[in-house]
Amino acid sequence: QVQLVESGGGVVQAGGSLRLSCAASGRTFSSYAMGWLRQATGKEREFVAAISWSGGSTYYADSVKGRFTISRDNAKNTVYLQMNSLKPEDTAVYYCAATKWVVTTPGYDYWGQGTQVTVSS
């Protein structure tokens with residue numbers, strides 16, 4: 001099992017940046033693909049970004065491509081989401097998630113509690 005705790009959310013103006021972190025417990029972190037997903041109020045949870053267990057492959061939703069960067073540090077059991085050029089439509093609760101194989105849907109096995117990101121116009 002993997003326990004996940006997100007941090008780094010907050011309020012930022014449009015055009016600004018935030019970096020989300022997700023700390024994982026457990027000795028098998030490096031064997032999991034990791035993802036970031038988000039859910040805006042009144043909308044379904046959607047895929048944002050994913051990274052393979054080695055960090056060698058990354059995947060992004062079209063809506064964030066070129067603005068967001070996912071990365072991981074297996075020595076620190078941590079995955080990051082660098083978010084630049086933020087837009088009001090990026091406002092959502094952001095979740096960190098883990099699964100054995102990379103998926104670009106919300107079909108992950110383990111989830112964090114979420115962190116709120118609010119982008120003001």
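Colleague: What is the torsion about the S-S bond of Cys-22 and Cys-96, and which hand does the disulfide have?

Modeller: A disulfide is a covalent bond between the sulfur atoms of two cysteines. In this predicted model, the torsion about the S-S bond of Cys-22 and Cys-96 is about -75°, so the disulfide is left-handed. The two sulfur atoms are 2.1 Å apart. A search of the whole structure finds one disulfide.

Colleague: Which strands does the pair link, and are the two cysteines buried or exposed?

Modeller: Cys-22 belongs to strand S3 (residues 18–25) and Cys-96 to strand S9 (residues 92–99). The pair links distant parts of the chain, 74 residues apart. Both Cys-22 and Cys-96 are buried.

Colleague: Strand S3 leads me to the sheet. In what order do the strands of the open sheet stand?

Modeller: Four strands form the open sheet, in the order S1-S3-S8-S7, with antiparallel pairing. S1 and strand S7 (68–73) are the edge strands, each pairing on one side only. From one strand to the next, the twist averages 15°.

Colleague: How many bridges join S7 to strand S8?

Modeller: Six bridges join S7 to strand S8 (residues 78–83), and the two run antiparallel. The loop between S7 and S8 holds Asn-77, whose phi is near 50°, a positive value in a residue other than glycine.

Colleague: How many residues does the largest nonpolar core have, and which of them have the most contacts inside it?

Modeller: The largest nonpolar core has 33 residues. Those with the most contacts inside this core are Met-34, Trp-36, Leu-81, Met-83 and Tyr-94. At least two residues of the core come from each of S3, strand S4 (33–39), strand S5 (46–51), S7, S8, S9 and strand S11 (115–120).

Colleague: With which residues is Met-83 in contact?

Modeller: Leaving aside neighbours within four places in sequence, Met-83 is in contact with Gly-16, Ser-17, Leu-18, Leu-20, Arg-67, Phe-68, Tyr-94 and Val-117.

Colleague: Arg-67 carries a polar side chain. Is Arg-67 buried or exposed, and which side chain does a polar contact join to that of Arg-67?

Modeller: Arg-67 stands in the loop between strand S6 (58–60) and S7. Buried means under 20% relative accessible area; Arg-67 has 11%, and is therefore buried. A polar contact of 2.8 Å joins the side chains of Arg-67 and Asp-90. Beyond neighbours within four places in sequence, the contacts of Arg-67 include Gln-82, Asn-84, Ser-85 and Lys-87.

Colleague: Where does Ser-85 lie, and what is its phi?

Modeller: Ser-85 lies in the loop between S8 and S9. Its phi is positive, about 50°, although Ser-85 is not a glycine.

Conventions:
Residues are numbered from 1 along each chain as its sequence is written. This is a predicted model: local features need pLDDT of at least 70, side-chain atom pairs count only at pLDDT 80 or more; totals for chains, interfaces and linings use all residues. Side-chain values use heavy atoms; hydrogens and water are left out. Two strands pair if DSSP finds at least two bridges between them. Axes are lines fitted to C-alpha atoms, for helices over the stretch in contact, and angles run from 0 to 180 degrees between N-to-C directions. A disulfide is a pair of cysteine sulfur atoms within 2.5 Å. Buried means under 20% relative accessible area, exposed over 50%, partly exposed in between (1.4 Å probe, protein chains only). A nonpolar core is a set of buried Ala, Val, Leu, Ile, Met, Phe, Trp, Tyr and Cys residues joined through side-chain atoms within 4.5 Å. Contact means heavy atoms within 4.5 Å. A polar contact is a pair of N or O atoms within 3.5 Å; within protein, one must be able to donate a hydrogen and the other to accept it, and residues adjacent in sequence count only if both atoms are side-chain atoms.
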